[in-house]
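This briefing reviews selected local features of one protein model.

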Amino acid sequence: NHQECWDEYRIIASPETVKGLRHIDDLKLRATKLLDHLDAELSIPKPNHGLPFAVGKSMVFFKLPAFERLKFTRLELVVKCTTKIQAVWRRYVKQRLYKEIKVCARHVQALVRTKQARLDLHRRRQLIASLKLQAFGRRVLAAKRYWAIRQKIIRLQAWRRGILGRRKAKDYKRNSSAAKIQSSWKRYQDVRSYNLLKKAIKVAQDRMRLVAAKHQMQQLKKEAKEVGALMAKSQKASEQARELGRRNDELEAETYKLQSEKKSYQDQVKKLEDTAAELKSSIEDVKKKTEEAMAHAATAAQTAIETEKLEAMMKKMQERDDEIAQLKKEIEETKLDQQQKRKKVEDAEARYQKLLTDTATQSTAAMGGGGYGASATGKKMKSTRNVHIQLVGLPSVGKTALLEDLVKSQAPDTATMEKFLQQKSSLMSHHQVKVGGEVLKILDCSGNARAQRLVTEWFPRTSWVFLVYDMSSQESLEYVLQLSGEVQKAGARVMIFGNRWSADKEGKPVQVDVARAKDAAVRNAGLAVESSSLLDAVQMVMNAGDDETTEVSASAAAAAGAGDNSPSNAGAGKRGSFLDSVKNWFGGKNEVGVLKPSLKGNAKMGRKPDDPNADLRPVQELQDSESAVTCICFGQERLHRAYILLATASKDGNVIVYRCYRTEMELALLPESDFVKEENRATGDHSNIAVHSKLEGHKRAITSIFFTLLEDHLVTTSIDKSVRFWNVDNGEMLKVFTDSSPVPVAAFLPFNPQVFVAANSNAVLRLVDVQTGMVLQKLKVETEVRALKFDDTGLFLLAGTKNGTLHVLEATDSDNLKFRFKVQLSKGGVTCITFVPAAHQQPPCLLVNTSDSSATIVDCTYSSPGGQLTNLAVRQRVRVAHSLLPLKSCYSPSGPGYLISGSEDKEVYIYALSKNSNVKMQYLKHHKVPVVAVAVNLQDTLLASADSLGCIVLWRRLDFSHLPD
């Protein structure tokens with residue numbers, strides 16, 4: 001057959017020919033080309049009739065002369081190869097024989113040399129023995145002479161020493177007696193001086209202790225006064241709230257009463273008006289009758305009778321006029337009374353609203369701050385891909401234009417296009433397009449190099465990544481080929497889309513090799529297409545089928561090492577959890593401790609291998625103000641290789657940005673490709689901290705601080721009812737957004753960096769456009785929101801209120817939020833929320849600080865089809881000293897993951913998040929006052945803690961692995 005023909009006769013063809021034909025998948029075509037090449041190379045004899053060979057559908061047929069020529073040629077090649085192999089084998093056998101003979105000759109030479117050496121040694125020993133005997137004899141004779149002379153000298157020395165000894169004994173007795181007298185006198189003087197000095201020191205110590213006690217008493221009184229003031233303020237606020245509630249009930253009851261009275265008065269007025277109208281009509285009738293009576297009176301008797309009737313009717317008319325005047329007066333009095341009561345109700349309502357506003361302002365002033373939150377891979381949910389298509393590419397390759405054409409063709413209505421055009425300029429815009437009856441979620445990503453990290457973070461949450469390149473730009477193709485591998489490792493499908501717009505419409509020449517794009521798509525289990533319409537690629541993706549997508553995604557995830565859902569990995573995870581629990585049960589410690597080592601320690605630092613957190617040491621203190629620090633955060637960790645930024649906000653409204661230079665161990669952990677900017681400055685040691693900039697503008701305490709998504713600007717919120725944007729490098733204030741009440745916290749929408757959500761003390765959430773300052777949406781919450789945090793999908797916003805409730809809001813659009821559900825977490829107010837991604841066979845969770853002396857770990861449950869957040873369940877509550885101050889917490893991904901929180905008892909709390917961990921709460925002791933805020937950098941090597949006196953402490957883990965045990 002074709003395969004056997006290829007296997008037997010390819011060895012007689014040239015290597016270049018075989019190399020060129022090896023990649024042909026069609027066996028028949030490959031066998032045909034091989035035989036054509038051999039026919040030309042070997043000059044196979046042609047028969048008189050027909051061809052020397054023929055390639056059929058499954059077999060290859062040869063004429064006898066052609067078959068014999070090929071067979072003998074192959075046989076000659078085999079004979080030559082056999083001869084060469086035999087020659088090599090004989091050479092190998094001879095070399096082995098030569099090596100063995102060489103080894104034997106060396107052994108014989110060694111034996112002969114050994115024998116000769118023994119004989120030489122024996123002769124040397126005889127010579128040395130004779131010399132020793134001679135020397136011994138001479139030594140004995142010399143010793144006899146020496147001892148005789150020595151005895152004579154000793155006798156002379158003894159006689160002389162006796163004379164000198166007696167003389168020295170007399171001098172010694174005299175000197176010792178004098179020394180005793182002197183020592184007694186000196187001892188008497190020293191004892192007298194010591195007693196006097198002891199009395200003076202005791203008096204000085206008593207005075208110093210008295211001063212220290214007074215100072216400490218003043219400090220304790222001051223702290224007690226502050227605590228008492230805060231408690232009194234809190235109690236007063238609660239009493240005012242109760243009083244307001246009671247007064248509200250009274251005002252509501254009074255309002256209902258006034259409304260009922262108003263209704264009754266209105267009914268009475270209506271009746272009186274009806275009566276007045278009837279009286280007027282009756283008066284008119286009486287007047288007509290009177291005139292008729294006076295005109296027709298003829299006789300005197302009749303005239304007298306009619307006169308009496310007329311007088312009676314006139315009297316009755318006068319009574320009716322008096323009654324009408326009285327009714328009009330009553331109506332005016334009723335109207336005046338209604339106006340006074342309406343004014344009284346409006347004044348009461350105004351006073352009620354003013355009291356509500358004053359109470360909210362006081363509670364916000366006592367609160368003092370918002371929250372700030374930082375990934376590890378872990379146990380995946382059933383489906384975490386909530387975006388169908390993600391458009392990625394360099395700037396100016398036509399991604400947005402292609403998407404705009406797709407939206408126009410599928411949704412031609414004006415409202416959809418206006419909405420698309422509004423979101424068009426966003427850094428990452430989220431769109432929903434209906435194609436073929438199905439709604440596709442499309443994420444349009446900017447080509448800005450500084451947004452590269454944000455783009456790659458969405459690969460694991462996307463089903464298809466469209467890598468768009470321009471057919472007339474070679475640079476755009478190189479960028480796409482570079483990203484294709486990262487997409488495949490993240491488990492997403494790859495679609496390499498070549499935009500033909502510039503070539504077809506503008507006439508630019510095609511400068512890219514399309515075959516490279518197709519090869520890259522095949523290598524990464526994806527697709528490749530070239531078109532000027534995005535609809536072609538979308539339809540191709542939709543026709544690919546769910547089974548194929550699932551299979552390829554699973555293989556890509558397995559190749560990238562992310563196959564946590566496979567049965568083997570699941571079993572391994574269960575076995576690992578079981579072993580960890582057994583180790584913990586028998587007292588085994590496998591804790592690696594919080595933070596990664598970033599500084600080398602020495603033997604003088606006192607290494608403690610039994611305690612995992614004993615190597616976590618304070619390395620530096622920062623304090624530029626005595627005002628309390630309210631919040632801190634790290635930033636620009638991917639922009640500079642030499643240093644990172646630490647932003648600190650204080651109660652007096654000032655912000656200081658520090659520049660923290662990395663250590664050598666931190667620099668060794670950094671890849672070169674992660675940085676947009678490259679610093680040429682020589683790095684310093686870990687203690688090299690410099691003030692990067694100072695931001696001044698707020699008039700009252702800052703409640704939250706965070707960097708923008710590109711980390712080029714800093715955002716602060718404050719009690720002074722403002723949200724301010726700052727330039728981090730020069731400290732310039734860029735924008736100011738004012739609110740009607742204090743702003744506890746704010747956060748950017750991950751899908752739209754041009755929109756941020758801010759909460760105020762009036763329990764209102766506002767979505768604000770950064771460029772125009774317009775309020776896009778307002779949401780009313782039941783009570784004041786003090787903490788905001790988005791999850792890692794960017795679709796759900798977690799909001800914590802001052803009554804301990806967690807609200808879950810969904811970002812249905814790039815400028816729209818809607819409530820999903822809420823969970824009552826505690827009775828104390830929420831001060832900080834930190835989102836922790838799934839890790840170590842555990843689901844995603846929240847770290848929530850509440851003012852009921854606890855920090856809560858809350859598990860997040862996502863639905864399997866669409867990745868919707870459906871439930872929040874409390875996993876564990878940890879005791880933390882927290883009742884008054886707005887404490888912050890953070891997350892460290894080291895080891896099993898750690899919760900790090902400040903506290904009001906002057907310590908930093910550390911708690912391991914692993915389920916099988918029996919580790920108790922650990923503490924870092926260094927601060928002298930309550931610790932308000934903590935933060936960990938992205939590299940997980942540096943911990944910063946700040947207290948209520950403005951002191952900031954930097955912590956690092958020391959590395960003792962280079963020291964001997």
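Two strands pair if DSSP finds at least two bridges between them; helices (H or I, at least four residues) and strands (E, at least two) are DSSP runs, numbered from the N terminus. The model is predicted: local features need pLDDT of at least 70 and side-chain atom pairs count only at pLDDT 80 or more, while totals for chains, interfaces and linings use all residues. Residues are numbered from 1 along each chain as its sequence is written, and side-chain values use heavy atoms, with hydrogens and water left out.

- Strand E31 (residues 889-892) runs antiparallel to E32, and four bridges join them.
- In the hairpin of E31 and E32, five residues lie between the strands, and Gly895 takes a positive phi near 55 degrees.
- E32 is also joined by four bridges to strand E33 (residues 907-912), again in an antiparallel arrangement.
- The hairpin of E32 and E33 has five residues between its strands, and Lys906 in the turn has a positive phi of about 70 degrees.
- Ile900 in E32 stands opposite Cys890 and opposite Ile910 in E33.
- From strand E32 (residues 898-901), Tyr898 and Ile900 point one way and Leu899 and Ser901 the other, and all are buried (under 20% relative accessible area; exposed is over 50%, partly exposed in between, with a 1.4 Å probe and protein chains only).
- In a regular strand the side chains alternate between the two faces of the sheet.

**Lys888**

- Lys888 lies in the loop between strand E30 (869-879) and E31.
- Lys888 is buried, with a relative accessible area of 4%.
- The side chain of Lys888 reaches the backbone oxygen of Thr630 at 3.5 Å.
- Lys888 and Cys832 are 56 residues apart in sequence, yet 5.4 Å apart in space, C-alpha to C-alpha.

**Helix H1**

- Helix H1 (residues 2-9) has His2, Cys5, Trp6 and Tyr9 buried.
- Seen down the axis of H1, these buried residues fall within an arc of 95 degrees, so they line one face of the helix; the arc is that of the directions from the helix axis to the C-beta atoms.

**Nonpolar cores**

- A nonpolar core is a set of buried Ala, Val, Leu, Ile, Met, Phe, Trp, Tyr and Cys residues joined through side-chain atoms within 4.5 Å.
- The largest nonpolar core has 72 residues, of which Phe466, Ile496, Leu534, Leu846 and Leu872 touch the most other members.
- Apart from that core lies another, of 18 residues, among them Leu765, Val781, Phe790 and Ala799.

Key
Polar contact = N/O pair within 3.5 Å; in protein donor to acceptor, adjacent residues only side chain to side chain.
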